[in-house]
Every structure is written in structure tokens, then in C-alpha cells.
Amino acid sequence: AAGRIAGIVLGLCVACGLAVWAYSMTAWRKKTFIGPLLRFADRSVKYYVGGGMTAKVKILFGFYQISTVLSSTYSARLPDKYTGWTDKLANVVSIDWSGFFLPEQCLGYDLRLVVSALSPVVLIALLMGTGIALRLRRWRAASPRPKLWAEAALGLLDLTPAGLVLIFCFVPSISASIFRSWSCQAYTISPPGEELEQVSYMRQDASVECGTSEHDSITLLAILLLLLWPFGSLALYTSLLAACYRPLQAKTANALTEATAFLHREYKRRWYWWEAVELARKLVLTGAVLLIPEERAFVRLVVATLVCVCYSVAIAIVRPYNRVEDDVLAVATSLVLLLLFLGASWTTTFLGIEERHPDTEEAAAILGFGKLNGIVNSMLVLVGVTVLFFLIGAVIVARRVAMIPTIRIVSTKQPPELSI
């Protein structure tokens, strides 16, 4: 399995390298076979950059990362016809490659956690090493030769954008896997009529009893991995953005600001650090709430609801994005998440009443719904109305902004930042 993983990682690196090399060959645009493909790539990049699609993709992908953990992180019990497709989508960004090559029964959760957490680190290290090796290759042929350490630093920055994209894609799912080390499910083992006796097992590995030495070793490993991924990625984002403060405020771009543009390019200069806030929100909503015990799973939904409310208000007031439509999209996705968490709270309350008062109409009398599908359908209608409302608002705002005579940069279609 390790050999297959290494082969896939190496194959991905080679394929990406060949694609970048082919795209950089200007003369190939006139060739018969590859020319049309490269010209299509040129047009796609032009429309992508001109439409400011990076911010929109990041907002929608962040929404996707959070919305697909309702059942796994918040123990929200919804009908299978609503959660089946979201669970499949959640597996797309899951990088538990150990489970792909070997059945889960062959490896303990600790080993699977190590593979999931370290495989992206190896991939990012290979990317950084490739950038340094390419720079040193040119350094050897240069005359006169610049300082070795400076050339190595530039090589590190060359592929920093790719590394930041990988971190952005995988840190929520990896962090959630790490936090699930503390997620346990209690089971009643005492016969009816006797004193209640329960035993807890890990939700991700039912062979491990919580509170035992085996579980303690898994949680110790998880603590170390927390320093690497959730806290490490947040510290990395914060330190890189802090290092970019002076150049961004002075509007003097350098190699570091260009390499880390993925973190701050879509935001106004005053709110260049907002990506760190967005990462912290995703880490809390996808993983950190798992530190709340399973018997208080409803508190997780309360925390998530409060976070979504505060974030929606902050986005609406601050408006950190350069484009108006990106601010509207961020508010809309945050409100949709708020509705999803409220819907999950309703379903949890409904099922809790049903379990405590079976064969009665208590749930219908309290919530006004007699069946679970009624709650879920109402939630979906509210989500649809919210999305439609914000789509109409975004179109109206975009049309009004487009009608205002403004000097715009050709490449980005945005007004330049001018100061007197």
C-alpha cells in the first residue's frame, strides 16, 4: 500500500509538472493537435481571472466542506435520501488513502490517522523540494551565481501557491479526522430493570473502548497531530499574512506577496488577513466541536448556530471582499449553513421527543410537525428561498455597479486601488 501511495503521489507531481510545462510553451499554440487545447486553456484562464472566480470557488468549497459533516460531526439524524449523497460528496475530499488500498479492519484507527495526516505533508514537501531543485539547477548554470540560500528561498516560494491550495483543500477534513479521536458512542449493557451500566466505544473504530490505555494512546497521537494540522495551518496562515503586512499596505509587491496571493488577493487591503478568520471558522465547525462530549451533541449544534450568526453579521458589516458579489455570496452561504444547523436542531429535538414518548403525539404538539420529513422539507424550502433571494439581490447589485462609469484594469475587470 505504501508503494502504491508513493506511486500515485509521484505520478500526480509528474502529471502536474508536464501540464505546466506544456502550457508554458507558447509556440505550441499553433500546433494541430495540442494547439486547440492550449488556446481553450488560455480562454478559460482569461474568463476565470476576469470573473474573479477564485474567491467564489473558495467560498462555495468552504460551504461544501462544512455542510457535508452534519451527520458525522454533529450526529444529526436525517433521512437517508437526504444524507446519502452528502456522505458520498464528503468522501471526495477525504484522504484516508489507507482505507482505499487496505480494508479498514486491517489497520487500527491510529495508523489510518497517521497515513491521512502525513500523506499531504509528504506531497507538499515534494512540491517544495521540486521548486528548490529547479531553482538550484538554474543557479548552477548562472554566471555570476547569486547567493545559494536566496535562490533556495525563491525556489521554496515558486511552489508555495500549490502548497497553500493543498492545505486549503485538505485541512478541514484532516482536522475533523483528528478531532474524531475524542468522539465516543455510549451503549447500555445492563439488562432492563437493573442499574444503568454503559460502555463507550470510538465512533470511528468500534473495537477501541474509550477510556482504556489503547484509546489514550490514540488521543495522545491526536494531540500531536493537532499541532501539525489545525493549529499548525492556522499559525502558518497567520505568520505568512503578518509577513505580508508592510508590503501590502505600502503597495510594493515582492516575492512573498506574490507567492501567498492565494490568501489575500480576493480581499480588500484593510482586511487582507480575513482568510485566517475563515480558516478558524471552518476548523471550529468541522472538527473542534467534537471536543464536546457525545452525550451533549445538541450543544454542538448550538455552538455552530451561534458561530454562523456571528459570522454572517460580521461579513455583512465588514464586507472584506474586493467584489460586491463575493460579499453577497459569502453572506448567502453563511445564512444557508445557519438554516441547515437550525434544521438539524429541529430534527434532533423531534427524534429525542419521539424516543422518550413513543406512540404519542408529543413531538407534533411541541414542534407542529408529525413526521421527520416535514421538518426536512421545510428546511429545504427555506434554503431554496434564501438562495433565490440572494441570487436576485446579487444580480441587481451587479447591474447597478456595472452602470457606474469606472476605470477598470483589463486583466481583473476591477477598479484599481488609487490613493492621493
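Predicted model: local features only at pLDDT ≥ 70, side-chain atom pairs only at ≥ 80, totals over all residues.

Me: Why is Lys251 called partly exposed?

Reply: Its relative accessible area is 39%.

Me: What is phi of Lys251 near?

Reply: Phi of Lys251 is near 55 degrees, a positive value in a residue that isn't glycine. Most residues other than glycine have a negative phi. Arg319 is another non-glycine residue with a positive phi, near 50 degrees, and it lies in the loop between α16 (297-318) and α17 (324-356).

Me: Let's do the cysteines. What makes Cys184 and Cys210 a disulfide?

Reply: Their sulfur atoms are 1.9 Å apart, and the cut-off is within 2.5 Å, so the pair qualifies. By that rule the count comes to one disulfide. The link has -105 degrees about the S-S bond and is left-handed.

Me: How do you know whether Cys184 and Cys210 are buried or exposed?

Reply: Compare them with the 20% limit for buried. Cys184 has 14% relative accessibility, so it counts as buried. Cys210 has 16%, so it is buried too.

Me: And where do Cys169 and Cys244 fall on that scale?

Reply: Cys169 comes in at 23%, so it is partly exposed. Cys244 is buried, with a relative accessible area of 0%.

Me: On to charges. How do you know that Lys58 and Glu266 form a salt bridge?

Reply: The N to O distance is 3.3 Å, and the rule asks for a Lys or Arg side-chain nitrogen within 4 Å of an Asp or Glu carboxyl oxygen, so this pair passes. The bridge links distant parts of the chain: Lys58 is in helix α3 (residues 53-67), and Glu266 is in the loop between α14 (261-264) and α15 (274-286), 208 residues apart. Both Lys58 and Glu266 are buried.

Me: What about Lys58 and Glu275: which distance puts them together?

Reply: That salt bridge is 3.1 Å, N to O. It also spans distant parts of the chain, with Glu275 in helix α15, 217 residues from Lys58 in α3. Glu275 is buried, as is Lys58. Across the whole structure, the search finds 11 salt bridges.

Me: What makes Arg323 and Glu325 a salt bridge?

Reply: Their closest N and O atoms are 3.1 Å apart, so they meet the 4 Å cut-off. Arg323 is buried at 10% relative accessible area, whereas Glu325, at 25%, counts as partly exposed. Through shared partners, salt bridges join Lys56, Arg323, Glu325 and Asp326 into one network.

Me: Now the helix pairs. Why are α7 and α9 called roughly antiparallel?

Reply: Helix α7 (residues 109-141) and helix α9 (residues 160-179) pack at about 170 degrees, with axes 10 Å apart. Angles over 145 degrees count as roughly antiparallel, and that is therefore the label for α7 and α9. Residues making the contact include Leu113, Pro120 and Leu127 of α7, and Gly163, Leu166 and Ile174 of α9.

Me: And why is α3 described as roughly parallel to α17?

Reply: α3 and α17 pack at an angle of about 5 degrees, with their axes 10 Å apart. Under 35 degrees counts as roughly parallel, so α3 is roughly parallel to α17. Among the residues making the contact are Lys56, Ile59 and Phe63 of α3, and Glu325, Asp326 and Leu329 of α17. Lys56, Glu325 and Asp326 also belong to the salt-bridge network.

Me: Last one: what does the whole protein come to in helices and strands, and how much of it is buried?

Reply: There are 19 helices and two strands. Buried residues make up 39% of the 420 residues. The protein exposes about 23,800 Å², and carbon and sulfur atoms supply 67% of that.

Conventions. Residues numbered from 1 in each chain as written. Heavy atoms only, no water. Helix = DSSP H or I, 4+ residues; strand = E, 2+ residues; numbered from the N terminus. Buried < 20%, exposed > 50% of the residue type's maximum accessible area, 1.4 Å probe, protein only. Areas by Shrake-Rupley, 256 points an atom, 1.4 Å probe, with all protein chains shown as cover. Axes fitted to C-alpha atoms, helices over the stretch in contact; angles between N-to-C directions. Parallel < 35°, antiparallel > 145°, perpendicular 65-115°, else oblique. Contact = heavy atoms within 4.5 Å.
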